[in-house]
Amino acid sequence: DNVFLVVNGQHVLVDFTDKGFESYLFSIARITTGDIKGRVIVKGIQALGLEKGRLVSDAAFLRADHQQHVLWVNPSLESNELLRISTDGIAVVPNGTNDQSIFLLKAGMMKPLTFVRLTSNQLKDALTRIEKLVLAHLACAETDKWFVLMWAMGFLLKDFVKTKPLMRFEGISGGGKSTAVELITALIYGADQKAIATPAAQYSEGTSNPVLCLDNIERRNLGREEYDFLLTSSTGISKLKRRQGTDTEVVTETPRCLVLTTGIENLFGQEIINRSLIVDFDRTTFGSDLTESVFHQIVAERSFLISALFHLQVRILDRISAGDWDQLQGMLKKDFPHHTKERANGYLSLMLLLLDEWFVITGRSHDVHDVARKWVNRQDRASKTTGIESNPIIQYLDLLVSKRMQMHRSRDEEEKQPVWDYPVAMPTIIDHDKDDNRVPTKIRFQCFASELHLTFMQMMRGM
């Protein structure tokens, strides 16, 4: 357990490795933690803190009160104060010494900012600026631009759901994936925070930061530990390990962040695929006139832009309290049953709620159901492609089936749905645009062995 001291309104960790505590100790006693006396003092304060200090069970960057619809945020203000965001508005309160004894640490990656109170017109202007500086420069289709932005802007609401869907940017080298990460992290953190990290570092950063962006994650460098981190980040389950220096105590690591990865090839594993939102990037088709000055503008206006997100949460919490979030979850369950990202319905409905309120504020006409349909269908198609390409056996079976159906159609154009005798399980797409979307999960071959062999040989010659 960690012990903190409040020094001039700032919290310092009582530990041999903390520079803030080292500086404080030297300023009052002219000794360091490297001295014997300094080490004794550290141990003494730690013991005293554990005995008489106020116990805080959760000291992360963000805390959500689901019952009262309240968010507590440490936005890295210079004063080290917190924001209490509720349906009543935003209040600036002391950190740790407030009425409810809420103590939150700063996100390690987040640069300091200044909270700005905004009028309705200023809120509209700020959201419009985010569209111009971030959304417009994402090198993907228009529907996917909003999909990505709402996923990222939901970082303040992530603790309202258990399953936090992973976001995956895919595309050729130079397709704009890393640039998109730089735009998003410049807004949230005030600096480019994409990284290549060890599993231990991933757990550490994922505990203290709202969004973790892992660049160039491919199948070849995705080991068991990295795979488990992605899974635990999405599902909310904890990883237990033995505490160093003891045979009985354990340490619990629970990543609480949203995770974004980029890569050229598809990831593998149905558990990961079903929990990943996949977006294709292509700068050639969807590129913009992005220049370095855009990043400088984002950083320069960041306090104004992030403050707008805080004000947006007031409206979102009010709508959650009114039952709008529950209605959107019900709509996804009823109108889009069994879609491939069904496990993430909670977060997807938060994204839809954010988009709906965003469009209301900025004065856009829209249809939430139509947006949901487009998002679900695009993710279903992406999941099928990923499921096929990440499994060589299924990939070859898919090629075999396609080739066989082409031969059958050329022989009998009127027979659109041949019934074959040899069952083969295949991943399929549920088309939510059609009334009857119950697509069979198996197909059957009906042919002589020689025909099957001929089909296979022709397919192999074409590869």
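Is Cys257 buried or exposed, and at what relative accessibility? In this predicted model, Cys257 counts as buried, at 1% relative accessibility, where buried means under 20% relative accessible area, exposed means over 50%, and partly exposed lies in between, as computed with a 1.4 Å probe on protein chains only. Local features were taken at pLDDT of at least 70 and side-chain atom pairs only at pLDDT 80 or more, whereas totals for chains, interfaces and linings use all residues of the predicted model. Residues are numbered from 1 along each chain as its sequence is written, and side-chain values use heavy atoms, with hydrogens and water left out.

A disulfide is a covalent bond between the sulfur atoms of two cysteines, and the criterion applied here was a pair of cysteine sulfur atoms within 2.5 Å. A search of the whole structure by this criterion found zero disulfides. Cys257 is in no disulfide, the nearest cysteine sulfur being that of Cys213, 9.2 Å away. Cys213 is itself buried, with a relative accessible area of 1%.

Secondary structure was assigned from DSSP runs numbered from the N terminus, with helices (H or I) of at least four residues and strands (E) of at least two; two strands were taken to pair if DSSP finds at least two bridges between them. Four strands form an open sheet in the order β3-β4-β5-β6, with antiparallel pairing. The edge strands of this sheet are β3 (62-65) and β6 (89-93), each of which pairs on one side only. Neighbouring strands of the sheet are turned against each other by 15° on average, direction ignored, where axes are lines fitted to C-alpha atoms, for helices over the stretch in contact, and angles run from 0 to 180 degrees between N-to-C directions. Strands β3 and β4 (residues 70-73) run antiparallel and are joined by four bridges, and Leu62 stands opposite Val73 in β4. Helix α11 (residues 302-321) lies across β4, β5 (82-86) and β6, running at about 30° to β5.

The loop between β3 and β4 contains His69, a residue other than glycine whose phi has a positive value, near 60°. His69 counts as buried, at 18% relative accessibility. A positive phi near 60° is also found for His338, which is located in the loop between α12 (324-335) and α13 (345-362); His338, however, is exposed, with a relative accessible area of 60%.

Thr33 is placed in the loop between α1 (19-29) and α2 (36-52) and is buried, with a relative accessible area of 6%. With contact defined as heavy atoms within 4.5 Å, and leaving aside neighbours within four places in sequence, Thr33 is in contact with Phe16, Phe21, Glu22, Leu25, Gly38, Arg39 and Val42. The side chains of Thr33 and Glu22 make a polar contact at 2.4 Å, a term that denotes a pair of N or O atoms within 3.5 Å, of which, within protein, one must be able to donate a hydrogen and the other to accept it, residues adjacent in sequence counting only if both atoms are side-chain atoms.

Thr252, in strand β11 (residues 250-253), counts as partly exposed, at 47% relative accessibility. Thr252 touches Ser238, Lys239 and Leu240, not counting residues up to four places away in sequence. Thr252 and Leu240 are 12 residues apart in sequence, with a C-alpha to C-alpha distance of 4.8 Å in space.
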